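Q: I would like to go through this model with you, beginning with the ligand site and then moving on to the backbone. Could you take my questions as they come?

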Amino acid sequence: MSRSKALFAGLLAGLIAGIAMTVVMLALARFGVATPLAIIGDRLSVFIKPGPFLSIMGRVGGYNHLKQLGVGSTMAGQLFVGALAGAIFGLLMRPNPQRRSTAWTMSIFVVLPIAAIAIALWPVLGTSYIGLPIASGGAVTLIGFALSVLAFERTLVGSFHFLTRPEAGAESGEFTPAIGRRALILGGLGVLIAGGGVGLLRRLYRIATFSYDGTQYKGRIVQPITPNDLFYCVTKNVIDPRVNVDLWHLEVNGLVQNPTTYRFQDLKGFNQVEQETTLMCISNGLDAGLISNAVWKGITLRDLIDPAGPMADARRVRLFGVDNYTDTIPLEKALDPTTILASAMNGVDLPHRHGYPLRAIVPGYFGEKHVKWLTRIELAGEDVKGFYETQGWGPDFMTPTRSRIDAPDHESRFSLGQLSGPIEVKGIAFGGDRGISRVEISDDDGETWTDANIHYAGTKLTWALWTYKWRPDGPDDYTLVVRATDGEGAVQEWEEDRSPFSGVTGFHKIAVHVTA
Ligand SMILES: Nc1nc2c(c(=O)[nH]1)N[C@H]1C(S)=C(S)[C@@H](COP(=O)(O)O)O[C@H]1N2
Ligand SMILES: [Mo]
């Protein structure tokens with residue numbers, strides 16, 4: 001067989017094998033099995049510092065596009081590597097195309113990739129979108145991957161043999177494969193499989209997080225308690241977990257005397273607490289809505305840590321989600337009675353996208369620490385880091401005092417002649433776990449301040465809602481600014497030396513144009 005025929009047959013067989021493997025992965029993803037399509041991104045993103053991360057994100061048009069790009073390029077990469085591997089395979093098979101030696105194709109195309117993936121993706125293998133405990137999740141991920149590469153190997157070998165098989169009726173030894181015709185048949189089959197893949201992709205796209213990741217809650221609609229379906233949402237995932245509570249476990253382990261595993265049912269026996277708490281994402285901009293407030297119900301984290309018996313050298317508590325998201329909090333904070341594990345949100349079971357069946361609520365800390373789809377609580381020493389912290393976010397994860405003007409809109413126009421009363425200015429103020437004691441408004445870009453009216457004070461752990469009846473002195477272009485004072489008397493400020501990756505500080509300002 002000629003060199004170019006061997007190359008062509010290998011390339012085509014490899015491409016079709018790559019398609020088959022990718023379709024198997026998509027089918028597995030459909031059943032909540034973690035595949036390289038999703039977890040390669042998780043594995044790689046921790047290596048990208050937040051500066052470049054944000055700039056790449058900006059360039060591709062946001063987190064959702066970045067995720068799509070990640071999955072898309074992984075798929076393209078798989079097809080490319082498949083075709084390349086096929087081409088090399090074709091060249092190696094050239095001396096004897098019909099040779100059947102499963103041992104070496106299995107070693108190279110199945111065993112080797114499994115070993116490579118196990119090593120490269122080790123930290124994220126335990127991801128399970130149906131909520132399996134981390135160890136079994138890891139085993140399932142590997143089995144799924146084994147199935148995928150087996151599909152690759154079988155398709156590659158089968159397709160290559162099909163393409164290069166001697167023509168029926170031809171003299172033995174005489175080698176005249178009708179490669180063109182068979183390539184057409186095989187290509188058609190490849191298109192069919194790819195079509196199935198596209199169908200799967202469409203379904204997966206519909207359940208993906210693209211439609212809601214980055215949901216904000218701001219503007220005139222803001223009420224004291226955020227309805228669940230309007231609550232802000234941030235997730236690292238392309239497809240969020242939908243935990244099957246019958247498969248789910250909650251482990252308490254690490255530096256403890258008595259490692260314990262709970263089932264969901266077991267948690268109902270603990271004292272239930274209810275607590276209103278506001279969450280805000282570390283990446284929330286001064287005018288943005290990655291902040292919301294809800295009434296959470298569940299058990300205290302302390303009630304699980306105490307019976308586990310922390311060892312003397314335990315310093316931090318590392319929380320794991322079934323999506324292999326992790327974050328850490330100081331042990332002291334974990335033992336605080338306001339740090340809770342919530343199973344209900346505003347009176348109903350935790351919605352899937354907010355962490356069903358259980359999530360952490362850690363007042364005073366950025367949203368990052370409020371791990372969703374919790375499955376493991378690990379007591380550890382001082383030097384453990386979470387997903388975003390590994391990326392380089394922080395070092396400070398306590399929410400600084402912030403406030404926002406929700407109405408009127410930035411660049412609003414009012415005509416004094418048409419106003420029947422004062423202009424209603426309103427918004428929120430949030431002081432982490434310190435509460436809010438005062439809100440002030442300035443209409444001269446911060447030169448002078450007047451008190452706003454706090455009509456919803458909330459608690460120390462929640463935001464406050466305020467209004468202000470503004471009567472502009474006359475026609476002018478105004479800059480309205482809001483500032484809050486927390487429950488400890490500290491006035492909101494711009495912290496010059498705070499890292500931008502510890503959350504921004506400063507003041508929300510809007511421009512308002514008043515004419516006669
Ligand atoms: N398991 C898991 N927990 C997670 C995340 C995640 O991607 N996976 N995202 C975190 C981030 S960055 C934020 S801001 C909050 C958002 O919580 P919400 O979507 O319920 O508002 O969840 C945190 N907990
Ligand atoms: Mo966040």
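Q: To begin with the ligand, how far does a polar side-chain atom of Arg359 lie from an oxygen atom of ligand 1?
A: The distance is 2.6 Å, from a polar side-chain atom of Arg359 to an oxygen atom of ligand 1. Please bear in mind that this is a predicted model.

Q: And the side chain of Lys372, how far is an N or O atom there from an oxygen atom of ligand 1?
A: An N or O atom in the Lys372 side chain is 2.6 Å from a ligand 1 oxygen.

Q: Which residue places a backbone N or O atom 3.1 Å from an oxygen atom of ligand 1?
A: That residue is Val234, whose backbone supplies the N or O atom at 3.1 Å from the ligand oxygen.

Q: How much of ligand 1 does the protein bury?
A: The protein buries 100% of the 530 Å² that ligand 1 exposes when taken alone.

Q: What kind of space does ligand 1 take?
A: Ligand 1 takes the space of the largest cavity.

Q: Which residues come nearest to ligand 1?
A: Tyr232, Asp323, His354, Arg359 and Lys372 come nearest, out of the 18 residues around the ligand.

Q: How does that shell divide by class?
A: The shell around ligand 1 holds nine nonpolar residues, four polar ones and five charged ones.

Q: What share of the residues is buried?
A: Buried residues account for 52% of the 516 residues in the protein chain.

Q: Now the backbone. What kind of peptide bond joins Tyr356 and Pro357?
A: The bond between Tyr356 and Pro357 is cis, with omega at about 10°. Pro357 belongs to the loop that runs between strand E8 (348–349) and strand E9 (359–361).

Q: What about the bond from Ala407 to Pro408?
A: That peptide bond is cis as well, and its omega is near 0°. Pro408 sits in the loop between strand E11 (402–407) and strand E12 (412–415).

Q: Turning to phi, what is the value at Trp373?
A: Trp373 has a positive phi of about 50°, although the residue is not a glycine. Its place is the loop between E9 and strand E10 (374–380).

Q: Let us move to Ser128. What does its side chain reach?
A: The Ser128 side chain reaches the backbone nitrogen of Leu132 at 3.0 Å. Ser128 lies in the loop between helix H5 (102–120) and helix H6 (134–164).

Q: Is Ser128 buried or exposed?
A: Ser128 is buried, at 4% relative accessibility.

Q: Some separations next. How far apart are the C-alpha atoms of Asp396 and Thr326?
A: They are separated by 17 Å, with the two residues 70 apart along the chain. Asp396 is in the loop between helix H11 (387–391) and E11. Asp396 is partly exposed, with a relative accessible area of 30%.

Q: Where is Leu465, and in which strand?
A: Leu465 is in strand E17, which covers residues 464–470. At 3% relative accessibility, Leu465 counts as buried. From Leu465 to Lys369 the C-alpha distance is 24 Å, across 96 residues in sequence.

Q: Finally, how far is Gln257 from Ala511 in space?
A: Gln257 and Ala511 are 59 Å apart, C-alpha to C-alpha, and 254 residues apart in sequence. Gln257 occupies the loop between strand E1 (250–254) and strand E2 (260–262). With a relative accessible area of 53%, Gln257 is exposed, since the cut-off for exposed is over 50%.

Note on methods
Residues numbered from 1 in each chain as written. Chains lettered and ligands numbered in written order. Predicted model: local features only at pLDDT ≥ 70, side-chain atom pairs only at ≥ 80, totals over all residues. Heavy atoms only, no water. Near = heavy atom within 4 Å. Polar contact = N/O pair within 3.5 Å; in protein donor to acceptor, adjacent residues only side chain to side chain. Areas by Shrake-Rupley, 256 points an atom, 1.4 Å probe, with all protein chains shown as cover. 1 Å grid on protein atoms, 1.4 Å probe; cavity = no way out; pocket = protein on both sides within 12 Å on 5 of 7 lines; lining within 4 Å. Sits in = over half its atoms within 2 Å of the grid points. Nonpolar A, V, L, I, M, F, W, Y, C, P; charged D, E, K, R; others polar. Buried < 20%, exposed > 50% of the residue type's maximum accessible area, 1.4 Å probe, protein only. Helix = DSSP H or I, 4+ residues; strand = E, 2+ residues; numbered from the N terminus.
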